[in-house]
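Let's walk through this structure together, one stop at a time. Keep the sequence and the 3D view side by side as you read.

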There are 2 protein chains.
Amino acid sequence: MPMGLSQEELNRIDEVIGTRRKIKRGATLFRNGEKFTSLYAIRTGFFKTRIASEDGRDQVTGFQMAGEVVGLDGIVNDHHSCDAVALEDAEVCVMPFDRIEEISREVNALQRHVHKIMSREIVREHGVMLLLGSMRAEERLATFLLNLVQRLHARGFSQSELVLRMTREEIGSFLGLKLETISRTFSRFVEEGIVEVKQRHVHIVNTEALRDIVNPKKSS
Amino acid sequence: MPMGLSQEELNRIDEVIGTRRKIKRGATLFRNGEKFTSLYAIRTGFFKTRIASEDGRDQVTGFQMAGEVVGLDGIVNDHHSCDAVALEDAEVCVMPFDRIEEISREVNALQRHVHKIMSREIVREHGVMLLLGSMRAEERLATFLLNLVQRLHARGFSQSELVLRMTREEIGSFLGLKLETISRTFSRFVEEGIVEVKQRHVHIVNTEALRDIVNPKKSS
DNA sequence: CGTAATGTTGAGCGCATTCAAGCCGGGTGG
DNA sequence: CCACCCGGCTTGAATGCGCTCAACATTACG
């Protein structure tokens with residue numbers, strides 16, 4: 001949240017927070033088709049969002065962690081258009097959207113904040129489109145790992161150590177690859193000494209090498 | 001725009017519209033890195049938005065036509081993070097964003113409208129992610145054609161006739177395919193009598209067949 | 001402790017890519 | 001008006017990356 005707000009403004013902003021809600025691992029926070037009422041700020045835990053095509057295929061559209069907001073997809077049609085599934089026991093702040101709209105009319109900082117959150121999501125998705133549209137398997141996985149560790153680091157975790165909350169299949173769905181390809185690509189990274197992998201525990205040994213994979217260097 | 005507004009409200013909303021601006025074919029409305037000031041409502045013409053990765057590859061993130069809004073990417077960081085390029089001579093309404101924020105504090109309908117536009121873009125991108133992440137070439141192109149013709153139809157154009165404003169290469173970039181693949185896939189559709197193609201002029205002969213490609217039927 | 005879920009690895013295949021050659025159509029200048 | 005040129009498009013042949021299918025290993029969990 002931006003700084004420089006009066007106490008009065010801060011109090012008003014607190015009002016957008018309704019109840020809290022706990023979601024068990026594997027349960028959904030909301031599902032495609034459900035009525036949209038609120039945005040959810042993740043307090044603890046880890047989520048994936050996914051959409052399903054008519055014929056059973058589904059696509060993971062993102063992984064969200066503490067401090068991030070889910071539910072923006074529901075605003076257009078007053079109904080959610082994707083599922084949000086907890087990948088571990090989680091807790092969220094329920095923020096009724098009509099309250100958000102009401103208060104953001106009075107508190108400029110909140111209005112600005114809401115706009116930025118939505119715009120940030122649009123920009124994030126642009127990045128995913130670039131990944132899905134033009135990267136090879138190694139680049140996709142390297143990009144994914146760097147993004148994940150960067151977000152975790154911003155929350156006070158290690159820059160080189162991370163525990164995956166999702167399966168290979170979920171990573172694959174997000175990256176537009178099959179789970180076997182994820183597994184093989186991890187193995188290749190391990191062979192090359194770039195990372196160490198023990199199940200879902202990943203230790204990034206050589207961050208620079210990952211960056212080089214994402215951004216193939218034009219060595220003459 | 002939603003209905004049921006008072007004259008006063010309508011007048012207020014008109015105030016978000018600043019100047020108009022003409023963009024010649026091939027010129028950019030805004031570029032990655034430029035300061036963000038305004039959203040743009042397309043009055044006439046056709047745009048593509050694209051992002052570029054460090055190493056020259058780029059990804060078309062969308063095609064926009066009359067009535068659609070571009071520039072939402074700029075809100076987060078006060079700078080644009082993609083380019084908007086006119087694919088034909090175009091005209092846009094410049095809508096300074098601080099005016100939008102100001103007036104949407106007073107006019108609920110505008111506030112709601114802005115939120116919906118942003119949410120719609122997020123949902124649209126989810127669909128693109130599904131396409132890029134899990135569809136084969138034929139499905140991608142079929143989806144693309146159906147989406148394009150549906151948007152054109154909503155604007156009063158034919159349901160079966162369309163003129164592509166973009167090159168095969170641009171379609172390919174958007175769909176995560178090479179231009180040769182686009183060309184070949186068009187040829188296959190023609191062979192199968194699904195469409196007729198003469199350069200950029202496309203006549204959809206069999207819409208149902210396209211739908212079947214998008215949504216493989218589970219024939220026993 | 002046993003069973004199901006998850007992950008690894010191998011072999012062969014297929015779809016989209018790459019590389020290459022040629023075509024078409026529109027615009028320009030002689 | 002025609003010759004030329006160039007960007008956009010098409011088509012062919014060969015390659016290769018990621019997928020499919022399959023067997024097996026490992027781990028989580030009731």
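Our first stop is B:Asp73, which counts as buried because its relative accessibility is 4%; buried means under 20% relative accessible area, exposed over 50%, and partly exposed in between, with a 1.4 Å probe and protein chains only. Before going further, please note that this is a predicted model, in which local features need pLDDT of at least 70, side-chain atom pairs count only at pLDDT 80 or more, and totals for chains, interfaces and linings use all residues. Residues are numbered from 1 along each chain as its sequence is written, chains are lettered from A and ligands numbered from 1 in the order in which they are written, and side-chain values use heavy atoms, with hydrogens and water left out.

Where does B:Asp73 sit in chain B? You will find B:Asp73 in the loop between strand 6 (69-70) and strand 7 (83-86); helices (H or I, at least four residues) and strands (E, at least two) are DSSP runs, numbered from the N terminus. Leaving aside residues up to four places away in sequence, B:Asp73 touches residues of chain A, including A:Ser119, A:Val123 and A:His126, and residues of chain B, among them B:Phe30, B:His79 and B:Ser81. Contact here means heavy atoms within 4.5 Å. The side chain of B:Asp73 also reaches the backbone nitrogen of B:Ser81 at 2.9 Å.

Now move to helix 2 (residues 97-106) of chain B, where B:Glu101 lies. B:Glu101 is buried, since its relative accessible area is 3%. Its side chain makes a polar contact of 2.5 Å with the side chain of A:Arg112. A polar contact is a pair of N or O atoms within 3.5 Å; within protein, one must be able to donate a hydrogen and the other to accept it, and residues adjacent in sequence count only if both atoms are side-chain atoms. Not counting residues up to four places away in sequence, B:Glu101 touches A:Gln111, A:Arg112 and A:His115. The buried residues of this helix are B:Phe97, B:Ile100, B:Glu101, B:Ile103 and B:Ser104. What covers them includes helix 2 (97-106) and helix 3 (108-134) of chain A, together with elements of chain B such as helix 1 (7-14) and strand 3 (38-44).

Over in chain A, A:Ser38 lies in strand 3 (residues 38-44). A:Ser38 is buried, because its relative accessible area is 4%. The side chains of A:Ser38 and A:Thr37 are joined by a polar contact of 3.1 Å. Beyond residues up to four places away in sequence, A:Ser38 touches A:His80, A:Val94, A:Met95, A:Pro96 and A:Phe97.

Next, a look at backbone angles. Most residues other than glycine have a negative phi. A:Gln199, although not a glycine, has a positive phi of about 55°, and B:Gln199 has a positive phi of about 60°. In chain A, the residue lies in the loop between strand 10 (195-198) and strand 11 (201-204). Is A:Gln199 buried or exposed? With 63% relative accessibility, A:Gln199 counts as exposed. B:Gln199 is exposed too, at a relative accessible area of 65%.

Finally, step back to chain A as a whole. Its secondary structure comes to seven helices and eleven strands, and buried residues make up 50% of its 220 residues. The C-alpha atoms fill a box of roughly 55 × 45 × 30 Å along the principal axes.
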